[in-house]
Amino acid sequence: SRTILRPRGLRFRMAAVDLSPFIERAEAAQKIVLQLQSRVEEIQKSIEAKAESSKTLEELRTRNAKLKYQRQHLKKSIAEEKARGMGRTETVLTKLTSLCRVAIRAAYPTLTKSPVSVVPAKKGIDYQCNSAMPISKMLRGFGRDVPPQQIASDIVKCLPSNDIIENATVRAPGFINLHLRKSFVSERLGQILLDGVQPPPVERKLRAVVDFSSPNIAKEMHVGHLRSTIIGDCISRMLEYLGHDVLRLNHVGDWGTQFGMLITHLKDKFPDYATVSPPIGDLQQFYKESKKRFDDDADFKKRAYVNVVALQGGDPDVKKAWNLICDVSRKEFAAIYKRLDIKIQERGESFYQPLMPALVQQLKDAGVAVVEDGRTVLFVPEDSVPLTIEKSDGGFTYDTSDMAALRHRVKDEQGDWLIYVVDAGQGQHFRLIFSAARLAGYYNPEHSRVDHVGFGVVLGDDKKNLRRGLEIRCVSSICLTRGSRGPNRS
């Protein structure tokens, strides 16, 4: 043990100590520690949150990088598909013709208009180029005697490198047999299976005006109009499929003398037609009634002609009657077009009426039309029977209407190709109209194309035009009695 020495005579006494200040300081320090601990926890949570946020941000960056890559890959795929699609739409015959044209130009560059003839072949041969024989004939005209077989050999030697032709062989007297690569055929079949049959490319997009259907107001559509409707719609669909701009026009018969008798009969039968819509349910029967009165009653015929003049002059009451009659027919036509899924724009004869006076005057001023026996006529070189442009009483005819329509379709509609789908019985009429339009300068065959697409006239058992009653029943049986099945698309 250790002995603690104390000085003799000294005594120690423990004094009382006040600990409260120390306790307060300890408690204050403890509070600070708690606050610091809480702050540390907050900082830790913030760090964890930032770490989580940083992780999310990194994930987003990674995802964004992937999307950018996918976007670039998609762009590349689209570009490749477009390029492949452009090649796909070009037909095999077009490709081969192009290759042979290049070879012919290379072999015989001095021939500026060399014929290029490539056709499908038979007996184990895919295609055949038959250009050597006509080229040999052309060269003889220039004093060069080159056998067709030699020409064919020259063309084969000049064929450019390609992925279509497996081999090209020459056969007497000058045919070039073209065999396709199996890989090309396989790829083409795959494209067809994947994308379907694609339309061939067109040199330029045309504005095509197709005139079809064209029934008469106040008369029911018959089988002849049905034929025109189906054929015209098919032509329009094909042109649209090829990428052309197609205007489908319905040149309805909504003007003429017959409306004078219809309006007169309407006034007599329904005198309050201007305020109360007349219940014309059977327009065909209404037409028959007015026609019978027109043929049998001289006073009725006289009043009918007066109403024709009033209609042409724009009389409000007569115009209202005319509109009522037209609306009844439009509803009947619309039901048939809806059933057949036909899209067409009505532009009847009445549309061209305001254009006719100026047209007649222009033809007179140009010296194309002349006045003969009080009427204005237009002769075309290939026919002795003229077109009647204006009657002696100042009225217009179907010739005037068709001339005005053709001019409007070329000049105003900017039509590159006019197609008239009308029965073959109107063939001579349209030949005269087209010739007269060329003579008048309404269209130039080098810039515009005009065609009449004729079809057979509907005849009865007597080999004459089918009677009206039978025509109506034909349309009813074909279009309106199919129940709810809709049009037959087989």
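Me: Is S213 buried or exposed?
Reply: Buried, because its relative accessible area is 2%, and the cut-off for buried is under 20%.

Me: What does the side chain of S213 make a polar contact with?
Reply: With the side chain of Y337, at 2.6 Å.

Me: And which residues is S213 in contact with, leaving aside neighbours within four places in sequence?
Reply: M221, H225, S228, T229, N250, Y337 and I344.

Me: What about A218?
Reply: A218 is not a glycine either, and its phi is positive, at about 75°. It lies in the loop between β5 and α6. A218 counts as buried, because its relative accessibility is 1%.

Me: Different topic. Which residues does the cis peptide bond join?
Reply: A172 and P173, with omega at about 0°. P173 is in the loop between β3 (165-171) and β4 (175-180).

Me: Salt bridges next. How many does the structure hold?
Reply: It holds 20.

Me: What does D233 form a salt bridge with?
Reply: With R237, and the closest N and O atoms are 2.6 Å apart. Both residues are in helix α6, 4 residues apart, so about one helical turn separates them.

Me: Is D233 buried or exposed?
Reply: D233 is buried, with a relative accessible area of 6%.

Me: What about R330 and E346?
Reply: Their side chains meet in a salt bridge, 3.0 Å from N to O. R330 lies in helix α10 (residues 316-340) and E346 in strand β7 (residues 345-346), so this pair ties together parts that are 16 residues apart in sequence.

Me: How accessible is R330?
Reply: R330 is partly exposed, with a relative accessible area of 26%. E346 also counts as partly exposed, at 34% relative accessibility.

Me: And which residue does E413 pair with?
Reply: E413 forms a salt bridge with R347, the closest N and O atoms being 2.7 Å apart. E413 is in the loop between α12 (398-411) and β11 (417-421), and R347 is in the loop between β7 and α11 (356-365), so the pair ties together parts that are 66 residues apart in sequence.

Me: Is E413 buried or exposed?
Reply: E413 counts as buried, at 16% relative accessibility. R347 counts as buried too, at 9%.

Me: Which residues do salt bridges with shared partners join into one network?
Reply: D233, R237, E240, R248, D341 and K343.

Me: Now the surface. Which residues form the nonpolar patch?
Reply: V185, L189, I192, V197 and Y241, with about 460 Å² of accessible area together. Helix α5 (residues 182-195) gives the most to this patch, with 3 residues. L189 is in helix α5.

Me: What is the accessible surface of the protein chain?
Reply: It comes to about 30300 Å², and 54% of that belongs to carbon and sulfur atoms. Of the 490 residues, 37% count as buried.

Me: How many helices and strands are there?
Reply: The protein chain has 14 helices and 12 strands.

Me: What share of the contacts comes from residues 24 or more positions apart?
Reply: 69% of the contacts in the protein chain with a separation of 6 or more.

Me: Last topic, confidence. What is the mean pLDDT?
Reply: The mean for the protein chain is 84, and 85% of its residues reach 70 or more.

Me: Where does pLDDT stay under 50?
Reply: Over residues 84-88, for one, where the model has 10 contacts beyond four places in sequence. Residues 479-490 are also below 50, and that stretch has 17 contacts beyond near neighbours in sequence.

Me: How should coordinates be read where pLDDT is low?
Reply: Where pLDDT is low, the predicted coordinates should not be read in detail.

Terms used. Residues are numbered from 1 along each chain as its sequence is written. This is a predicted model: local features need pLDDT of at least 70, side-chain atom pairs count only at pLDDT 80 or more; totals for chains, interfaces and linings use all residues. Side-chain values use heavy atoms; hydrogens and water are left out. Buried means under 20% relative accessible area, exposed over 50%, partly exposed in between (1.4 Å probe, protein chains only). A polar contact is a pair of N or O atoms within 3.5 Å; within protein, one must be able to donate a hydrogen and the other to accept it, and residues adjacent in sequence count only if both atoms are side-chain atoms. Contact means heavy atoms within 4.5 Å. Patches are made of residues with over 30% relative accessible area and no salt bridge: like charges are joined within 9 Å, nonpolar side chains (Val, Leu, Ile, Met, Phe, Trp, Tyr) within 5 Å. Accessible areas come from the Shrake-Rupley method with a 1.4 Å probe; for residues, only the protein chains shown count as cover. A salt bridge is a side-chain nitrogen of Lys or Arg within 4 Å of a carboxyl oxygen of Asp or Glu. Helices (H or I, at least four residues) and strands (E, at least two) are DSSP runs, numbered from the N terminus. pLDDT is the predictor's confidence in each residue, from 0 to 100.
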